[in-house]
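Student: Please go through this protein chain with me, one point at a time.

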Amino acid sequence: MKTVEAVIDEQGNVKLLESIRPAGRRRALVTILEESPDDGACLSEGAIPADWNRPEEDDAWAHLRQAP
């Protein structure tokens with residue numbers, strides 16, 4: 001299972017914001033969010049991996065990976 005961000009235009013056309021290559025035909029679910037893509041939320045999503053995928057972040061959260 002994979003989640004892919006998309007934009008739906010006024011005519012209902014769905015445009016995926018990244019390329020995918022499923023192995024054959026697949027079913028999909030579409031969730032229509034309240035905010036529009038112009039709200040800025042989509043723009044900040046690209047900055048999240050750059051900020052979170054750093055060794056400093058891994059070290060800061062390492063205690064959560066330890067088994068009890």
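**Fold, surface and salt bridges**

Tutor: The protein chain has three helices and two strands, where helices (H or I, at least four residues) and strands (E, at least two) are DSSP runs numbered from the N terminus. This is a predicted model, in which local features need pLDDT of at least 70 and side-chain atom pairs count only at pLDDT 80 or more, while totals for chains, interfaces and linings use all residues. Residues are numbered from 1 along each chain as its sequence is written, and side-chain values use heavy atoms, with hydrogens and water left out.

Student: In what order do the elements of the protein chain run from the N terminus?

Tutor: The chain holds two strands and three helices. Read from the N terminus, the order is β-β-α-α-α.

Student: What percentage of the 68 residues is buried?

Tutor: Buried means under 20% relative accessible area, exposed over 50%, and partly exposed in between (1.4 Å probe, protein chains only). By that rule, the buried share of the 68 residues is 0%.

Student: Is leucine 16 partly exposed or buried, and which residues does it touch?

Tutor: Leucine 16 lies in strand β2 and is partly exposed, because its relative accessible area is 38%. Its C-alpha is 6.1 Å from that of glutamate 5, eleven residues away in sequence. Contact means heavy atoms within 4.5 Å. Leaving out residues up to four places away in sequence, leucine 16 touches Val4, Glu5 and Ala6.

Student: How many salt bridges does the structure hold?

Tutor: Side chains of opposite charge can pair when their charged atoms come close. A salt bridge is a side-chain nitrogen of Lys or Arg within 4 Å of a carboxyl oxygen of Asp or Glu. Glutamate 57 forms one with arginine 54, with the closest N and O atoms 3.4 Å apart. The count for the structure is two.

Student: Which residue meets glutamate 18 in a salt bridge?

Tutor: The N to O distance in the bridge between glutamate 18 and lysine 2 is 3.4 Å. This pair links distant parts of the chain, 16 residues apart: glutamate 18 is in the loop between β2 (14-16) and α1 (41-45), and its partner is in the segment before β1. Glutamate 18 is partly exposed, because its relative accessibility is 38%.
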